[in-house]
Amino acid sequence: MRLGVFTALLAQLSLEQVLEKLTKLGVHTVELGTGNWPGDPHCKLSMLDNPSELAAFKDLLARYEVTISALSCHGNPIHPDKATAAANAEVNRKTILLAEKLGVSTIVDFSGCPGGSATSQEPNWVTCPWPPEFGKILEYQWDKVVTPFWKERAKFAADHGVRVAIEMHPGFVAYSPETLLRLRDIAGPAIGCNYDPSHMFWQGICPIAAIRVLGDCIFHVHAKDTQLYPTNLPRTGVLDTKPYTDEAHRGWIFRTCGYGHDAGWWKEFVSTLRMFGYDGVLSVEHEDSLLSPEEGLTRAITFLDNIILKEKPAAAWWV
């Protein structure tokens, strides 16, 4: 297992500045955004049609001895606004093609969320089965929008030797292990998950137990924590729509690794990942509103460096 960084938190720096900074911190693996959310400038899709730009990009990574864990294009490719959906889906398509050219096996995206009907203009995230029209909305979303798009896109990705790691996230149709596995059942094994434990905590899902549910469909992992505030939860519940920057009044906020859960918890998390076959990258993602990107990055790297399992175990004598 190795430590990586999702470079969106360093968007103000050039790619070379990012690589110089991270390698000095001992990190030689990066997750690079290609567009949608956030608009990370570190990996440009224009390289698809510009061989010299692509060659220069590869040379820069080689010079710093840095590899790519995933290309990320977090968006909503099934948005009810056709122009938005088309733009987000095109970034996804081009990201798959660029991953193929770079020899990167995994891209990261959201499942997306349609509207409540064919005439809707805004996404509709349904979280309960009643009133009865909610069930009808879910039926429309999964049968008429989610299934046709992701079946086709999963085949396209597989044809190009790429896997799509869906990040389970509130606001989208795949936000829990159950909904992620439903999507995988529909679209096939080219669809798996980018496993971010921070999104499990606030939903009341134990991220360690969920690894056992997800098993070998974990393609990529984000290292991000969540802190729950029991003082506020009786008032807010977990479906808290206040801004993330209103920390004092929210039921929970995202935190840098170690600020929501201690080293003991993270040791069990990475051990369970390995137990169920994941021995890849822990990609640090910073969304902690109480720490600057600089502070959050360095603290996460220091915290996780002594926790990740860096060597695969040799075969035991009793096996």
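Predicted model: local features only at pLDDT ≥ 70, side-chain atom pairs only at ≥ 80, totals over all residues.
Trainee: Which strands make up the closed barrel, and in what order do they run?
Mentor: Strands here are DSSP runs (E, at least two residues; helices are H or I, at least four), numbered from the N terminus, and two strands pair if DSSP finds at least two bridges between them. The pairing in the barrel is parallel, and the twist averages 30° from one strand to the next. The eight strands of the closed barrel run β1-β2-β3-β4-β5-β6-β7-β10.

Trainee: Is Glu31 buried or exposed, and what is its relative accessible area?
Mentor: Glu31 is found in strand β2, residues 29–33, and it touches (heavy atoms within 4.5 Å) several residues, including Val5, Ser69, Val108 and His220, when residues up to four places away in sequence are not counted. Buried means under 20% relative accessible area, exposed over 50%, and partly exposed in between, with a 1.4 Å probe and protein chains only. Glu31 is therefore buried, with a relative accessible area of 0%.

Trainee: Which side chain is joined to that of Glu31 by a polar contact of 2.7 Å?
Mentor: A polar contact is a pair of N or O atoms within 3.5 Å; within protein, one must be able to donate a hydrogen and the other to accept it, and residues adjacent in sequence count only if both atoms are side-chain atoms. The side chain that makes this contact of 2.7 Å with Glu31 belongs to Ser283.

Trainee: How many residues does helix α3 have?
Mentor: Among the buried residues of α3 are Ala85, Val91 and Leu98, and the buried residues of this helix pack against α2, β3, β4 and α4. After α3 comes Gly103, whose phi is positive, near 75°. Helix α3 covers residues 82–102, and its number of residues is 21.

Methods
Residues numbered from 1 in each chain as written. Heavy atoms only, no water. Expected span 1.5 Å × (residues − 1). Axes fitted to C-alpha atoms, helices over the stretch in contact; angles between N-to-C directions.
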